[in-house]
Structure formats: C-alpha cells, structure tokens
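Please examine the sequence and the structure before reading the solutions.

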Amino acid sequence: MKNLFNTLLITMIIVLAGSSLYGQKMKPSKSGYADVNGAKTYYEVYGEGSPVVLLHGAFMTIDLNWGELIPELSKKRKVIAIELQGHGHTPFSDRKLSHSTLARDVEGVLDQLKIETADIVGYSFGGTVAYEFAIQSPKRLKNLVIISSTYKNMGWLPEINNAMKTMKPAFFDKSPMHTAYDAVAPDKTKWTKFLEQMIASAGTPFDLGDANIAKISAPVLIIAGDNDGLDKPELMKTYQLLGGNIAADMAPMPKSQLAIVPGQSHVSLMMQTATILNYLNNFLK
C-alpha cells in the first residue's frame, strides 16, 4: 500500500511540475485574514461581480490549486480564494481539524467581506468542506460545485481509503506541496505538524449523511474524472440524492448536474482549466 501512495504522489509531482498551474501570475485586489473560531483564515479577492468562493484540495495552496483558473474566472466574477486551516498563508493551529469547523471558517470569511450569499466551488478535500458548508449554511449558498470529491470516505475506491491510512510526512519531502507551503507559510517549521494533522484527518472515516445531502436545496454541479478514484456507483447515488438520474424527457430537468470528464485522474482533472471553466461559466449563472 505504501507503494500505491508513492505512485499517487509521484504522479502528482510529475503532472504539477509539467504544468503551468503552479505560480499564479495575477495579484489579488485584496487579501487578508479573517479571525474566526479561535484561528485566522487567509483569503484573496480577485475581480468584480457575483461572488464565487474557491476551496482547495488537501496540502495545497491557492496558487497550486487555482493558479490558472483565477485569471479567467475573475474576468466576470468576484473570486474569493481561501486557504484552509494550516494551508499556505493560514497559520497552523492545534484546534481540532474538522469539516464542520472549516465550513464555519468559510462563513466567517464571507462575514468579514460582507458577502451575504455566494457560489461555492470545492476540489477534493475542499469539496468535502463545501458539502459541509451547504449543510450548515444553506441560506448563504447560491450554487455548489464539487470537483472530484465526496461527502463520505466510502465515496472513494477502497484502494484510495487504504492509501490514506499509510501516508507519512516523509512522503511529501521535496514535493510541489512542500515547495508551495514554504513559499508562503507564516511559520515553515510547522510543516511536519501540519502534515501530521492532515494525515490523521485523512485516515479518519467520515460521513456527512445521505439525509443531509438530500436536503441541499441549492443547485449542485458535480465534476469528476472517469478514473479519479471516486467510486462511481456511490457517485451516482449522490447524484440521485440531489434529484438527478431521471428520464428528463418525461419530467422536468433536475436543477443539479453531473459531468464525468473522460481520460482524467484525480490530479489531471484539475489541470483541465478550459474544461472546468466552461462547466463553471455554464452552470453559475
């Protein structure tokens, strides 16, 4: 299983190193920290228009996850990119790491920016936080976009869950995630503690609840790679909970949508900037 995780990490390193995603060229119009839930949460703001919040994947930073997408998305939208607990500019905290707390952090950023409602886009780990935000703060949510993520650990294939249990901080040495962290972290010495906290979280089973997902009233767009590690039968169950998987010629088209992008892994999917942007522009109206 260690070899499986090493393979996953090596794949990420190769893909990220060969892409122009890392190294965002655009400077935010505003950035800062929101004091929420006994900790500080860093955010950046780009563009003007209807607000859309971006929540990154595990171990990533704003630049590493959204570097290519932000310049395009911010042409017509106000983009608020957030770095979750311990990630990037956001300081490490001994506060218990939970999806519920992180979702409240996101709401706290919106409060500080005086934004009543927003679209939320979450990738991987950030997608789970986005699901939790939809459950906890439904009145603050306009539309929800989930990219290669799930609301329960059983939504991943068994080999992914098994790999999560074998992660070690040493696996991340000299990785793109480590480089990105060192570039912006307020205290680089917290890297190992941050990894330990995240690894413990990744190896802990979680389930936000089928009933809670079924109660989400906002339109939801799920984007997944055909081979991104998500269990596709479970993904279809999720889509059904959101009102999808019907015969739309015989009934109204559901407000939620499902997009399976062919030939994509969990890592490579996020590199398909034009594809992701097209889906977002068509859905977030």
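Buried means under 20% relative accessible area, exposed over 50%, and partly exposed in between (1.4 Å probe, protein chains only). This is a predicted model, in which local features need pLDDT of at least 70 and side-chain atom pairs count only at pLDDT 80 or more, while totals for chains, interfaces and linings use all residues. Residues are numbered from 1 along each chain as its sequence is written, and side-chain values use heavy atoms, with hydrogens and water left out.

**Exercise 1.** Determine where Lys114 is placed, and state whether Lys114 is buried or exposed.

*Solution.* Step 1: Lys114 belongs to the loop between helix 4 (99-112) and strand 5 (118-123); helices (H or I, at least four residues) and strands (E, at least two) are DSSP runs, numbered from the N terminus. Step 2: with a relative accessible area of 76%, Lys114 is exposed. Step 3: its phi is near 60 degrees, a positive value in a residue other than glycine. Most residues other than glycine have a negative phi.

**Exercise 2.** Carry out the analysis for Lys174.

*Solution.* Step 1: the loop between helix 6 (158-164) and helix 7 (176-184) contains Lys174. Step 2: Lys174 has a relative accessible area of 80% and is exposed. Step 3: phi of Lys174 is near 60 degrees, again positive in a residue other than glycine.
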